[in-house]
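Trainee: I'd like to go through this model piece by piece. Can we start with the terms and then work towards the contacts?

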Amino acid sequence: MTKTLHPSLPQPSSTLSHWHRTTRSFPHLHANRLAPVPTSTKYLVIGSGISGALTAWKLIESGVKGEDVLIIEAREAVSGASGRNAGHVRPDSFRGFPGYAARHGSEQAKKILENERVVLENVRQFVKEHNVDSDFNYMRTFEVALTEEFADILAKAFEEFKAAGGDTSHIKFYEGEEAKRETRVPTAISAYESPAASNHPAKLVQWILNDFVTKGGKLWTHCPVTNIVPAEKSNEFGSRWNVQTPRGVVATETVIHCTNAHAAYLLPEISKFVTPRRSQVNSFVPPLSLSGEDTLKHTMALRYKPDHFFSVNSLKNGMVVLGGTGTRSTSDQSSDDLISFDDSKYSDKLAQNSLNELLGLCQEPDSTSLRHGEGLDHAWTGIIGMTADNAPLVGPIEGLEGQWICAGFNGHGMAIVFTCAPGLAKLISGQSWEDTGLPECFQYSTERIRRHARQSRESTL
Ligand SMILES: Cc1cc2nc3c(=O)[nH]c(=O)nc-3n(C[C@H](O)[C@H](O)[C@H](O)COP(=O)(O)OP(=O)(O)OC[C@H]3O[C@@H](n4cnc5c(N)ncnc54)[C@H](O)[C@@H]3O)c2cc1C
């Protein structure tokens, strides 16, 4: 069955992430992997990442019966970006403002950044209220400039955000020796501190899925949705769509696309709007000078250039996770190679670059010699869903009545989805866009998709 899968569907031979390797006993990991799909359901969610799991969970919380919601997942549960990211819930406090303002205007740009602060609080509350054991650790994060060029870029972005009336009360600025001391980065030029969290993403989403199943929700894994066609006659739910899979057809009234980077496979109209990008993450057991009482107690983004940075996440158990672009000059990963749905590959060179970056944080020179068991623990990749205007797609899909989407998180979804998925559940339940509290620029519209198509046509003339 899997041999004939289309290359833009999730690929079965993906790498396992650190998060996957530490949660193999999740009882619903391979739920219903051999069973035929139910013949009908009222709500059908495609994708078991944080978007799909939380939308389904919120629907039940809003009063929908658990048995009326079915999640279908192409691979094992939480096998997409939600299970293979860098483990950061890290709101962008100001850095992205100029880029968002150029695309969406300064009011929307402020709303985008405000939304990320709300997400951090929502995740914090959720984990606390439900006692979720996901190693959630609320702590300081730093935007660290490692070049004068990037220090200027950050300073300009900060001033623009402030001048536009953006709230900077939660941001602290350091430079020179103070920046080095606070961040523990010997080469820091400047640094901006704000709140963020480290979180085991697979444990969080697995908790949500487990609770969903406990409440009667249905989960089908290892079952890619291959097509959606209009239903000819109504079933008990007044179905509008027949959802095709290798294990049967599900008739449903409501289809909810939570397929992130893979969204365009089932929605070809957005194929130029949502595109894939492979990204690598590496986990490390730190050496002496970054362990014990010297364990990093904050997270960071170490930035050389806009497209050359490392994210540094310090886990509760003392391990360190580095994501980011590494460097574009690596000979073994061309930019074409990055545009890929294939998360079965990883680069040794990018892992080595990350290790070098980590060792650069060790302040004692002799502590960079590694004992067996220290250093690189694991490397993996995942597929990011990039969108043409850097904002996610949320809401009803015009022209496809009964189909909805929550996708395209530009490699930053852990700081965005916790308002988008609840917002989508509200929209599906009949509430208005205003009720979601989301930035208007997140809303799906044919005009938004067409505008981008027009712009890319014009730019190629
Ligand atoms: C390497 C990497 C590092 C990242 N680091 C961070 C970070 O530190 N902080 C942060 O905020 N964000 C980070 N992100 C982004 C974040 O992980 C995503 O934005 C977020 O997980 C998106 O969640 P999702 O549920 O929308 O998508 P996903 O988790 O990708 O879920 C989509 C699911 O849909 C399934 N699917 C797709 N098509 C089909 C189909 N046709 N049939 C059935 N199932 C299908 C997939 O298998 C997948 O499980 C990172 C992403 C990557 C790849």
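Mentor: Helices (H or I, at least four residues) and strands (E, at least two) are DSSP runs, numbered from the N terminus. This is a predicted model, in which local features need pLDDT of at least 70, side-chain atom pairs count only at pLDDT 80 or more, and totals for chains, interfaces and linings use all residues. Residues are numbered from 1 along each chain as its sequence is written, and side-chain values use heavy atoms, with hydrogens and water left out.

Trainee: How far apart are the end C-alpha atoms of helix H2?

Mentor: The expected span of a helix is 1.5 Å times one less than its number of residues. H2 covers residues 50-61, so its 12 residues should span 16 Å. The end C-alpha atoms agree with that, at 16 Å.

Trainee: Is Ser 82 buried or exposed?

Mentor: Ser 82 sits in the loop between strand E2 (69-72) and strand E3 (88-89). A polar atom of its side chain lies 2.9 Å from the backbone nitrogen of Ile 50. The relative accessible area of Ser 82 is 10%, so Ser 82 is buried.

Trainee: Which residues come nearest to the ligand?

Mentor: A residue is near a molecule or strand if one of its heavy atoms lies within 4 Å of it. There are 37 residues around the ligand, and the nearest of them are Ser 51, Glu 73, Ser 82, Gly 413 and Met 414.

Trainee: How far is a polar backbone atom of Gly 413 from an oxygen atom of the ligand?

Mentor: A backbone N or O atom of Gly 80 lies 3.3 Å from a ligand oxygen, and a side-chain N or O atom of Asn 85 is 3.0 Å from one. For Gly 413, the distance is 2.8 Å.

Trainee: Which helix gives the most to the lining of the largest cavity?

Mentor: On a 1 Å grid over the protein atoms alone, a cavity is a set of points where a 1.4 Å probe fits but cannot get out, and lining residues have an atom within 4 Å of a point. Grid points are joined across faces, edges and corners, and a volume is the space filled by probe spheres set on the points. The largest cavity holds about 60 Å³, and its lining includes Leu 113, Glu 114 and Arg 117. With 3 residues, the top contributor is helix H4.

Trainee: Where is Asn 199, and which side chain does its side chain contact?

Mentor: Asn 199 is in the loop between strand E6 (190-198) and helix H7 (201-214), and is buried, with a relative accessible area of 2%. A polar contact is a pair of N or O atoms within 3.5 Å; within protein, one must be able to donate a hydrogen and the other to accept it, and residues adjacent in sequence count only if both atoms are side-chain atoms. At 2.7 Å, the side-chain partner of Asn 199 is Ser 134.

Note on methods: On a 1 Å grid over the protein atoms alone, a cavity is a set of points where a 1.4 Å probe fits but cannot get out, and a pocket is an open set with protein on both sides within 12 Å along at least five of seven lines; lining residues have an atom within 4 Å of a point. Buried means under 20% relative accessible area, exposed over 50%, partly exposed in between (1.4 Å probe, protein chains only).
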